[in-house]
Each structure stands twice: as structure tokens, then as C-alpha cells.
Amino acid sequence: MSLTAEKSLKNPYLSQKAEILEIFQETEIEYTFRLESDFELNFGQFLEVSIPGYGEAPISVSNFTDQWLELTIRKVGKLTDRIHDLEEGDYLYLRGPYGNGFDFENYQDKNLIIAAGGTGLAPVRSLIEYAGNNLDQLSDFEVLAGFKDAGSLLFERDIKRWRQKFDVLLTVDKTCDIWGECVGLITEHIAELHLENIANTEVIVVGPPPMMKYSIIEFQKLGVPDDQIWVSYERKMHCGLGKCGHCKIEDNYVCIDGPVYNYAEVKEIRD
Amino acid sequence: MSFNTKKIKKNAFRITKDREVTALRIRVPGGHINAKYLSLIKEIADEYGNGTLHITTRQGFEVPGISFADFEEVNKKIAPILEGMEKEIGVKIADPREGYPAAGTRNVSACIGNRVCRYSNYDTTEMAQQIEKNIFPNDYHVKIALSGCPNDCIKGHLQDFGILGMVEPIYHQERCIGCKACVDNCHKRVTSALSFEQERVLRDEKRCIGCGECILQCPTNAWERGEQFFKVVIMGRTGKKNPRLAKPFLKWASRDVVIAIVNNVYDYIERHIDTSLAKEHIGYIVDRTGYPKFKEEILKGVELNSECEIADKINWNGYQTGEKI
Amino acid sequence: MGFNFSENGFNQLLESLNQDYQIYAPVRKKNKDSFSANDLITYDLIKSLEEIELTVKSKYSAKEIVFPIRETLFHFVEGEQFIASDTDDKYIIFLRPCDRNAFKRLDKIFLENGPEEDIYYKRLRENVKFFVIECTSGFDSCFCVSMESNTVEAEDYAAFLRFEENGVSCEVNDQDLAVEFSSQAEEIKFEPQFIEKNKVEVKLPDREKLTNEVFEHQLWTEYSQRCIACGRCNTSCPTCSCFTVKDVLYDENKKSGERFRRWAGCHIDGFTEMAGGHNFREDYGDRMRYKTMHKIYDFGERFDFDMCVGCGRCDDVCPEYISFSKCINKLSTIIEEGV
Ligand code: SF4
Ligand code: SF4
Ligand code: SF4
Ligand code: SF4
Ligand code: SF4
Ligand code: FES
């Protein structure tokens with residue numbers, strides 16, 4: 001056995017160590033980890049994140065700059081439990097980035113609407129940041145974010161900041177008195193969005209499978225054509241490289257062909 | 001009519017309710033029979049008996065309704081059965097035309113075994129026939145049955161010797177895909193001997209009964225079929241006095257060990273049988289001498305394989321009449 | 001170039017090849033299959049002609065030599081990652097046309113799909129030479145002719161062998177080996193033969209007519225009842241390439257361990273399970289549908305041939321007597337007759 005550094009570079013299964021710069025608590029079970037990074041990233045891409053000995057998991061990049069990237073991680077098992085024990089100055093292991101991500105060109109000068117349910121806000125957060133900082137590149141921009149309850153609200157500090165620049169419609173399934181926001185499922189609020197100029201509108205829908213399914217139906221009802229709807233899929237991705245097969249849906253490999261799809265292309269596909 | 005009932009019984013004929021007639025018992029060692037003998041048995045039933053047959057719990061046939069006057073002729077008639085089913089497998093029969101030479105040691109029965117059953121760890125019929133060859137003819141009352149696996153379909157747990165097939169499962173981590181089929185199955189259907197830790201299967205040898213189900217479950221042959229072994233349970237019985245299930249005597253015994261201990265049984269009986277009783281069964285003899293004595297004598301000269309485990313003590317319990325049900 | 005070897009001559013050839021190559025072929029392992037007293041026919045190293053089992057199909061294919069069932073990706077100690085250095089081992093694999101064609105499928109996934117090559121597959125695959133076993137009569141469940149994988153091209157093999165009564169006739173394509181062959185045998189004319197008709201034939205559904213409506217058909221519900229999700233059809237398949245990545249820590253020292261991969265199968269529980277427990281295909285009939293579509297449709301949409309090579313192993317091993325070839329034919333009939 002030998003450390004073959006030169007080969008390591010070509011081995012796509014090896015990860016690189018990244019220091020945790022800062023940790024932000026989002027909810028009781030979700031934390032955002034800011035890590036040092038020199039990855040070249042696109043909005044909505046994901047990384048394979050690991051701690052040797054505890055496994056690897058696909059996690060979407062929830063924000064990034066040239067110096068750092070953020071991962072918003074929910075505590076759901078062996079690996080993520082362990083990650084939540086880490087502190088600033090500790091390391092995570094990363095490889096990637098994987099997937100196509102959101103191509104901003106598709107939304108350039110359009111009326112962009114992003115509907116995100118729960119953790120679905122993480123993969124679009126970097127895109128929202130970019131859009132918010134470049135509103136002149138869009139004709140209109142609006143975000144609809146839904147959460148189960150006040151306790152599962154993510155990126156609270158960002159949302160406050162975003163609201164100074166563009167409309168963010170926030171809803172929680174159950175009553176919440178914190179912000180005095182609307183109550184109810186995302187689907188109930190879709191009609192309130194700025195959908196006057198449908199021909200020039202692009203809609204991004206990200207979230208748990210049922211939320212995506214019913215939100216899309218709502219947008220369709222309001223006349224948004226399938227090819228102006230964009231989705232991002234979450235699957236069990238073991239390799240990120242189009243090899244392991246876990247993410248395959250029909251002839252699509254979500255890890256390399258997705259996770260972002262134009263809905264018109266994937267509306268028929270079935271797991 | 002005048003004849004020696006003891007002699008008749010030894011010849012495998014029965015004294016029946018009807019003073020005029022007898023019934024013939026035919027052994028089927030290992031419970032597997034060439035169908036050609038069935039036509040001969042049918043012929044005897046039609047010609048000498050009352051045209052019916054009884055299938056016994058020990059996997060033999062009983063042909064009722066034979067007139068005592070015909071028993072010698074019937075013996076001649078069954079000669080091919082003694083030739084083919086006893087002499088052929090090595091049983092010493094002086095003259096096959098004189099019928100069965102003994103009836104004390106019962107037919108060695110067996111479940112269907114690995115000629116058919118997927119669970120069986122060996123060919124039960126073949127081994128039953130080898131045991132039959134070693135111990136028959138013999139007048140001592142010993143019941144032996146062989147099952148292919150610890151499911152014990154032949155009910156060896158109700159015999160003096162229940163011989164149950166085992167196999168050593170050998171795990172190859174490099175072939176394991178972690179599907180846990182073996183672990184879940186062992187947990188649900190067997191003894192929870194398997195666990196899954198650090199992405200590999202661990203087998204608790206104390207709990208494992210060598211049934212081989214993990215080998216059957218595995219989709220990659222990660223469990224290798226290792227050596228064949230046996231569990232021997234002893235001194236189970238039905239009967240009027242203290243019926244009870246057999247208890248484990250040996251575990252992971254080699255075939256040679258099993259064959260050797262069964263051979264030793266007869267000397268033990270010879271030494272300890274109470275001849276004042278009519279045909280004392282071995283279980284009651286063990287009750288009298290105690291298990292340690294039995295164990296000592298039956299293992300005499302037997303070279304135990306290194307894997308073989310022996311029971312230190314056995315307490316059969318069972319139940320006694322007179323207790324409230 | 002064609003050659004003819006006596007049995008002895010071929011054994012001498014194997015002996016000399018053995019100095020540079022590990023030679024794998026289907027062998028018979030006495031009493032080693034799952035059921036007692038059954039022989040396991042599978043791939044293993046051989047040294048002589050007599051060890052090669054040619055009368056029965058192997059239960060597992062040669063896939064596991066190049067895509068091991070469990071393979072270490074790297075070791076780690078205190079957070080540093082170490083990959084095992086490459087070995088220089090070279091391999092010769094004896095296999096039938098179907099199984100040779102199966103490697104073309106594996107090559108697609110491991111070497112062409114996605115942005116990068118799979119280095120673990122590649123480093124073994126590069127060192128393999130194929131010796132194709134002539135197969136003109138096949139076995140009961142084979143349907144390679146229907147899947148167009150009954151034949152191989154000259155560039156697909158180093159040697160092509162016909163096993164005969166008293167020896168072996170063959171053709172050699174590999175220049176390095178040609179010397180070895182020619183020094184030990186007489187030259188003959190040799191023309192590879194292929195099976196032209198199997199006992200089983202399948203009719204592939206018309207791609208154009210294969211719409212998603214058929215996903216809802218009761219054909220699959222039948223398998224929901226019958227399939228027990230044991231995964232044998234995946235593990236015996238020479239073209240299934242799915243795997244799962246896992247970590248272990250070595251007991252002694254919680255700081256060291258390895259990351260490895262092992263075969264996965266889309267029929268087996270947990271294949272689509274995400275962190276948090278959601279599964280995309282709980283129903284076993286859905287899994288049968290998913291596998292079927294991958295084998296005879298999805299793969300072909302991405303690459304230029306279907307994934308299934310018609311080796312029939314999945315039929316041979318299914319404990320519930322589910323026949324894949326029957327399933328394909330049923331699907332075709334349904335589509336012909338209109339869903
Ligand atoms: S059944 Fe086989 S592959 Fe599955 S966990 Fe057990 S040993 Fe491993
Ligand atoms: S599928 Fe059967 S007949 Fe065809 S090459 Fe393979 S073994 Fe031979
Ligand atoms: S699906 Fe079945 S017939 Fe097709 S290649 Fe796999 S095992 Fe062979
Ligand atoms: S059939 Fe299933 S296990 Fe096999 S390659 Fe396709 S998805 Fe993977
Ligand atoms: S082998 Fe048969 S029972 Fe097992 S998973 Fe495949 S189809 Fe289902
Ligand atoms: S994550 Fe492995 S193929 Fe997509």
C-alpha cells in the first residue's frame with residue numbers, strides 16, 4: 001500500500017479536506033456549515049460529503065463564493081449525526097461538484113419565480129443570492145418559500161435581507177405567530193404570485209416529491225407551460241459519477257444529467 | 001393353534017386382536033423405497049392379507065389380516081424385499097427366505113433428505129441405511145430417526161436418537177453485498193445467531209444451530225457450504241410412563257462420531273438392561289443409570305472430532321402422570 | 001491465425017500462459033452450491049484444461065473478476081486517504097460470447113457514462129485478455145440470439161476456442177500471444193461458429209410503442225405478488241453494474257478504516273432509500289418493471305445496444321421461477337395488442 005499522490009488527483013472517488021470556517025444554526029436539526037473552498041461551482045450543484053468511517057452523502061451547496069461554500073445539513077443518520085458534532089476548525093471531506101445546476105442564462109431577463117419547500121430552499125439559495133444581487137438581469141424576481149412550521153424555518157437571516165430587495169412570500173403549514181406570515185401549504189399561495197406575463201416567466205420548483213408534484217399542478221393551472229418550469233431532483237447518489245446506478249430514473253442519471261431538469265423533459269419519467 | 005409368540009414377534013409378525021390372524025411389518029430403512037417393492041407388498045396384501053395396508057409412523061408397512069397358517073409362506077414371498085432392501089445395503093441376513101431376523105431395533109427412519117428437500121444438509125436415507133446395516137438385526141429396543149436439518153421433520157425429538165443434519169456456514173466477506181437476507185432470516189426463523197456490524201455479518205457460534213439457512217438465503221454464495229456435522233438429541237419418547245422430548249447430547253458431531261456412538265449403544269444396554277422386564281426401552285435404562293454413566297460408556301473408544309460439543313448434564317423433565325393437567 | 005492443440009498441447013500452453021497471466025474460467029466446485037450436494041459452477045483460477053467446466057452454464061459470470069463484489073476504494077488513517085497501488089497482474093478470462101458482450105455493457109457504464117472513467121474498473125479491465133469459448137448449442141434458458149449477443153467480432157477477443165473431443169482448435173488475434181500459440185501447435189484454418197437459434201426466443205417490444213402507459217399495466221402487479229426481492233437476478237447478471245459505497249472503521253483503532261463499494265441490486269430493499277428513509281420503489285412489481293426497462297430499453301436509449309445479453313442466468317436462479325424472457329415476451333404482446 002502506498003500513497004499515490006499523483007494518482008489521487010485522477011481518482012474521482014477521493015475527497016479533499018475542507019476546514020469548517022463557521023457554523024450557523026438554522027433549526028434544531030439543521031445547521032449550515034461554511035467551509036473553505038476552491039471549487040468552481042454553479043447554483044444547485046451538489047457535493048459528496050463525508051467523514052472517513054462514517055460514510056458519504058450527496059449534499060447540495062446552499063451558497064458559495066470564491067473562498068467558501070456552505071452546506072446545510074439535516075441530522076438524519078450516522079454520518080450527519082457525526083457532522084453535527086463537528087466544530088469550527090474541524091474538517092469535512094468533499095468531492096465534486098456534481099450535477100448540472102441551474103443555468104442562469106435560462107432565466108436572463110425573465111420574470112423568475114422560485115417556489116421552494118422546506119430543505120428545497122438550500123439548492124436554490126445561491127441562485128436567489130445571485131439573482132438578488134443582479135436584479136437588473138431579470139425582469140422580475142419573486143420567491144415563495146414554505147415550511148412545515150416556524151421551527152423548521154431555514155435561512156431566517158437571509159430572508160430578512162432578501163426582503164429588502166425583492167418579494168419573498170413566506171408560508172408555514174401550521175399557525176405561526178413569529179413573523180405574522182401566511183399560513184397554509186405552498187400550493188395555496190401560488191395564485192398570489194406575480195404571474196401577469198406568463199410568456200416571459202420561468203418557474204423553479206424544488207422540495208419534497210409531494211410538494212413538487214402539487215405545486216407544478218398549480219402552476220400548470222395558472223397557464224405556465226411545462227417547458228417554463230424547472231425542477232431539481234433529490235435521489236440517493238452514491239457516486240455522483242454516473243456509475244453506481246442508484247440515481248437512475250429511466251434513462252436519466254440524476255447525478256450527471258440532473259439534478260436540474262426542464263420539467264417538459266422529465267414530466268413523464270417514473271422511478 | 002400353538003406357536004411361540006416370542007418367536008413370531010421376533011419375526012416381525014404381530015399378535016393381533018383376532019386370534020386367527022397376524023400382521024406383517026415391513027421395514028423401509030431410510031424411508032425411501034424402490035416402487036417395484038410396492039407391487040410385491042400389494043400382492044401379499046391381496047393374496048394373504050385382507051387387501052389393505054397400514055403405513056406406520058416409522059415409515060414401514062404393516063400388512064394385516066394374514067392367517068397364522070400362512071406366515072412361513074409369506075416369509076418366502078417377501079424374500080426379495082429382504083434381499084433388496086436389507087442385504088443389498090449390507091445388513092447380515094442369513095436366509096432371506098425366513099423373514100425378518102429381529103424386530104427389537106426399529107426401522108431407522110428418515111425425512112426425505114437432500115435427494116429432494118432444499119433445506120436438508122445431507123442424504124438422510126443413505127445414512128439411515130448405513131446405521132441400519134450396523135445395528136440390525138438386533139433385539140434391543142432402540143428407535144433412531146434422521147432429519148436433514150434442525151427442522152426435524154422426522155420428529156427425531158421423539159426418538160431415542162434423533163440425528164439432525166448440520167452444516168458449518170463459512171462467511172466470505174469479500175462476496176457479501178450486505179443485503180442482510182441471512183441476518184433477517186436467522187432472526188425471524190431460526191435463532192438470531194447473526195448480526196450485522198461494520199458492514200459485515202457476524203455469526204455467534206453459541207447460538208448457531210448449523211441449519212444452513214444463511215447459505216440458502218445468500219444471493220452471492222457469500223456463505224460457503226462448509227463441512228457437514230450433526231446434532232444428536234437423545235432419549236425422547238412417547239409411551240405411558242413419562243413421555244418427553246429428546247434433549248441435545250452432541251452438537252457439531254462428525255458423521256463418524258454419530259455412527260460410533262450408535263454402535264456403542266448395544267453394549268451399554270447389554271450391561272444395564274433389567275431383564276426381568278419385558279423388553280426394557282433404552283430411555284428407561286438411562287433414567288436408571290443416570291446420564292453420566294450413559295455418556296461415559298457410549299463415548300468409550302469414540303474419537304471425538306475437535307468441533308464436537310457434549311452436554312454436561314441433561315435433565316429431561318417430561319411429565320409424570322398423576323399431575324393435574 | 002488458426003491452431004490445433006492436443007489436450008496435452010493445450011495444457012502446456014496454459015502452463016506457459018500461467019507464468020504471465022492469472023487464468024480464469026468456469027469451474028465446478030464440488031458440493032459448494034447453496035443446496036447440499038450440489039456443485040457450484042462459477043469462475044475461478046485454473047491451471048489445466050480439465051478444470052474448465054463446459055457442460056453447464058456458470059451460476060455467476062466473469063463480471064466479478066473485473067468488478068469485484070466488494071472492492072476497497074481507499075484506506076484512511078487519521079483522515080489521510082491511501083489507495084492500494086496497482087498490481088501488474090494480467091488476466092485471461094475464458095467466457096462465452098454472451099458474457100464477452102456483457103463486458104461491452106460494463107465498459108459503457110464504467111468507462112463512458114458520466115464525466116470520468118472509473119479507475120478501479122479500468123485498472124483491472126485494461127489487463128484482461130478474453131478467450132472466447134465457442135458456443136453453438138447454448139443452454140435451455142439462453143436467448144442471446146434475440147439479444148444479438150450470440151456473436152463476437154475479431155477485435156473482441158485475444159483468442160477464440162473450440163473445445164473438441166481430443167483437443168482444442170482456436171484462432172488467435174493477439175499478437176503477443178500468437179508467438180506462444182504458434183510455438184506449441186500446428187497451424188490450421190479456423191472459422192469461429194456461433195449459435196444461430198436458441199430454445200428460447202424473445203421478441204423485444206417496439207421501442208416506438210413503448211410508452212409509460214405500460215408502467216401501469218397489471219403485468220407488473222403479478223410480479224408484486226411473486227417476486228420476493230432476493231436480488232439473485234441482479235447478482236447473477238453479467239451486466240448489472242450497480243454498487244453502493246460504504247465506510248467501515250477497523251475495530252482496533254477508530255481512526256483507521258476503509259471506504260469500499262459492493263454490488264447493489266435494484267430488486268433489493270434499500271436500493272432507492274434516501275437519508276431519512278424515503279424509498280422510491282417499495283413495490284416489488286415496480287422493481288421488476290424498473291429492471292426490465294433498464295435491461296431492454298433505458299440502456300439502449302443512452303447507448304447503442306440493449307443492456308441484457310440474453311444469458312438467461314436470471315431465469316436460472318430465481319427462487320420464485322420468474323422468467324425474464326417470459327416477462328419480455330409478455331410485455332411485447334401487451335404492446336402489440338395495445339395496452
Ligand atoms: S445473505 Fe449473503 S450477501 Fe446478504 S448479508 Fe448475508 S452473507 Fe451478505
Ligand atoms: S447465451 Fe447461451 S447460447 Fe448464447 S453464447 Fe451464452 S451460453 Fe451460449
Ligand atoms: S437480465 Fe438476465 S438474461 Fe439478461 S443479461 Fe442479465 S442475467 Fe442475463
Ligand atoms: S437492472 Fe438494476 S441492478 Fe442491474 S444495472 Fe439496472 S438498475 Fe442496476
Ligand atoms: S430472483 Fe426472482 S424473486 Fe429474486 S429478486 Fe429477482 S425476480 Fe425477484
Ligand atoms: S449517483 Fe451514482 S450513478 Fe448517479
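You are looking at a predicted model, where local features need pLDDT of at least 70, side-chain atom pairs count only at pLDDT 80 or more, and totals for chains, interfaces and linings use all residues. Residues are numbered from 1 along each chain as written, chains are lettered from A and ligands numbered from 1 in written order, and side-chain values use heavy atoms, without hydrogens and water.

**Stop 1: chain B**

Colour 5-98 as domain 1, 109-166 + 229-310 as domain 2, and 169-226 as domain 3; these bounds come from an automatic or database domain assignment. Now select Arg27(B) and Glu132(B): they form a salt bridge, with the closest N and O atoms 2.9 Å apart (a side-chain nitrogen of Lys or Arg within 4 Å of a carboxyl oxygen of Asp or Glu). Domain 1 and domain 2 of chain B share 2 salt bridges. The C-alpha centres of these two domains lie 25 Å apart.

**Stop 2: ligand 1**

Which residues are closest to ligand 1? Select Cys176(B), Cys179(B), Lys180(B), Cys182(B) and Cys218(B), which are the closest of the 13 residues surrounding ligand 1 (each with a heavy atom within 4 Å).

**Stop 3: chain C**

Over in chain C, select 2-72 + 84-188 for domain 1 and 207-337 for domain 2. Their contact takes 33 residues from domain 1 of chain C and 37 residues from domain 2 of chain C (heavy atoms within 4.5 Å). About 2,900 Å² is buried between these two domains, with carbon and sulfur atoms giving 60% (the accessible area, 1.4 Å probe, that two parts lose on being put together, summed over both). On the domain 1 side, show Lys63(C), Arg105(C) and Phe143(C), which lose the most area to domain 2 of chain C, together 21% of what that side buries.

How many salt bridges are there between domain 1 of chain C and domain 2 of chain C? The count is 4. For a salt bridge to zoom in on, pick Asp118(C) and Arg261(C), whose closest N and O atoms are 2.8 Å apart.
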